[in-house]
Amino acid sequence: MASIALRDVGKSYGHHPVLHDVNVDIRDGEFVILVGPSGCGKSTLLRMIAGLEEVTDGDIAIGNRVVNDLAPKERDIAMVFQNYALYPHMTVAENMAFSLRLAGAAKAQKDEAVRRAAAILDLETLLDRYPRELSGGQRQRVAMGRAIVRDPAVFLFDEPLSNLDAKLRVQMRTEIKALHQRLKTTMVYVTHDQIEAMTMADRIVVMNGGRVEQVGAPLDLYDRPANLFVAGFIGSPAMNLFAGEVASGDGAPAFRIADGTRLPLPEGAVGLQPGRRVTYGIRPEHMELSDGSGGDAEATVAVVEPTGSETQVFCRLGNADAVGVFRDRVAAQPGDRIALRFRRERILLFDTGTGERIAS
């Protein structure tokens with residue numbers, strides 16, 4: 001096992017920079033997920049850790065050695081790709097043992113490594129099959145088994161579940177997390193799916209435009225996003241964000257959307273000057289239906305989406321779109337008016353100019 005340190009890491013293709021001053025420390029045995037929209041640089045950064053891309057600026061260290069100039073085979077890493085990359089003419093056992101065969105390992109060593117990996121991944125009855133005889137999930141487990149037999153210091157995963165259907169993705173998320181709990185090996189995992197990141201990671205690195213926006217535990221990012229990008233990216237449905245300003249008036253200050261709709265400020269919001277431009281954030285599940293007597297705002301229903309365990313209600317609040325997630329069944333129809341109550345302790349405010357969260 002090994003830690004990974006990224007120090008002022010940058011990457012450019014000619015005169016086009018794609019990564020800027022990336023600084024991240026990954027602890028020994030930690031499961032870290034790089035997440036962000038397409039083109040944010042997360043896969044490029046993973047390939048730089050693997051040695052498949054050259055480092056333009058800064059240093060990458062695995063364990064206690066800088067690996068910038070080391071070939072991939074010298075870094076003690078194993079990588080699992082999106083497309084499985086299995087050899088169709090080899091059996092499952094032969095695919096899993098291939099790297100050991102290239103290294104000249106003895107037959108007994110290869111057999112023991114394959115047997116151990118197959119037991120971990122529940123592949124023992126499939127060792128004599130060929131890739132064409134396997135399901136997508138089984139092929140992905142074989143690709144992971146091929147990595148496990150190498151007993152690397154670091155596992156790297158590049159969007160390994162992208163080719164699987166929705167049900168299988170959920171199953172494989174659980175299997176990869178369980179694999180990490182068994183092996184206790186450092187894992188770095190790339191995905192654009194923030195649900196994967198939230199459910200699997202010890203810590204998440206949120207990237208955007210080649211830069212790291214925030215690093216933290218999943219619930220820390222969810223509850224305390226550093227800026228508007230993280231607030232809007234982490235969470236499904238996304239956080240409701242309303243642009244407006246702090247308004248004075250009768251009683252305590254409030255937040256006012258451009259059309260004049262007023263919303264309550266969060267608990268502990270002090271020192272905010274009237275007229276200050278801020279963006280108001282509240283997650284869909286932190287809005288509650290009210291009988292009208294204790295509501296904070298009224299909204300017009302646009303779409304109602306029952307999912308069974310909860311109901312998502314898309315609505316128009318003033319001149320802004322909003323979505324609420326409610327555990328109760330909602331009888332409202334499009335065009336109906338509903339009263340909403342906001343959980344004060346869950347309201348977040350962001351500076352509209354900088355995008356940074358305002359501490360409260």
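This is a short chat about the predicted model shown above.

Student: What kind of model is this, and how are residues numbered?
Tutor: The model is predicted: local features need pLDDT of at least 70, side-chain atom pairs count only at pLDDT 80 or more, and totals for chains, interfaces and linings use all residues. Residues are numbered from 1 along each chain as its sequence is written, and side-chain values use heavy atoms, with hydrogens and water left out.

Student: How many helices and strands does the protein chain have?
Tutor: Eight helices and 20 strands. Both are DSSP runs numbered from the N terminus: helices are H or I with at least four residues, strands are E with at least two.

Student: What box do the C-alpha atoms fill?
Tutor: Roughly 80 × 45 × 30 Å, along the principal axes.

Student: What share of the residues is buried?
Tutor: Of the 360 residues, 50% are buried. Buried means under 20% relative accessible area, exposed over 50%, partly exposed in between, with a 1.4 Å probe and protein chains only.

Student: Switching to α4. Is that helix mostly covered or mostly exposed?
Tutor: Mostly covered. Eleven of the 13 residues in α4 are buried, including Q138, R141 and R146.

Student: Which elements do those buried residues pack against?
Tutor: They pack against β6 (77-80), α2 (92-102), α3 (107-121), β7 (154-158) and α5 (166-183).

Student: What span should α4 have?
Tutor: At 1.5 Å a residue, α4 (residues 136-148) should span 18 Å, and its end C-alpha atoms are 19 Å apart, which agrees. The expected span is 1.5 Å times one less than the number of residues.

Student: How many bridges between β4 and β5?
Tutor: Two. In β5, V66 is the bridge partner of A61.

Student: What about β16, which strands does it join?
Tutor: β16 (residues 297-306) runs antiparallel to β19 (residues 337-342), with four bridges. E298 stands opposite A339 there. Six bridges join β16 to β17 (residues 311-317), also antiparallel. On that side P306 faces T311.

Student: What phi does G308 take in the hairpin?
Tutor: A positive phi near 105 degrees. The hairpin of β16 and β17 has four residues between the strands.

Student: Which non-glycine residues have positive phi?
Tutor: D21 is one, at about 45 degrees, and D122 is another, at about 60 degrees. D21 is in strand β2, while D122 is in the loop between α3 and α4.

Student: Are they buried or exposed?
Tutor: D21 counts as exposed at 57% relative accessibility. D122 is exposed too, with a relative accessible area of 56%.

Student: Where is the cis peptide bond?
Tutor: Between S236 and P237, with omega about 0 degrees. P237 lies in the loop between α8 (228-233) and β11 (240-247).

Student: Last one: M287. Buried or exposed?
Tutor: M287 counts as buried, at 1% relative accessibility. M287 is found in strand β15 (residues 287-290).

Student: What is M287 in contact with?
Tutor: Leaving aside neighbours within four places in sequence, its contacts include N240, I282, V323 and F342. Contact means heavy atoms within 4.5 Å. V323 is 36 residues away along the chain, and the C-alpha atoms of M287 and V323 are separated by 8.8 Å.

How values were computed: Two strands pair if DSSP finds at least two bridges between them.
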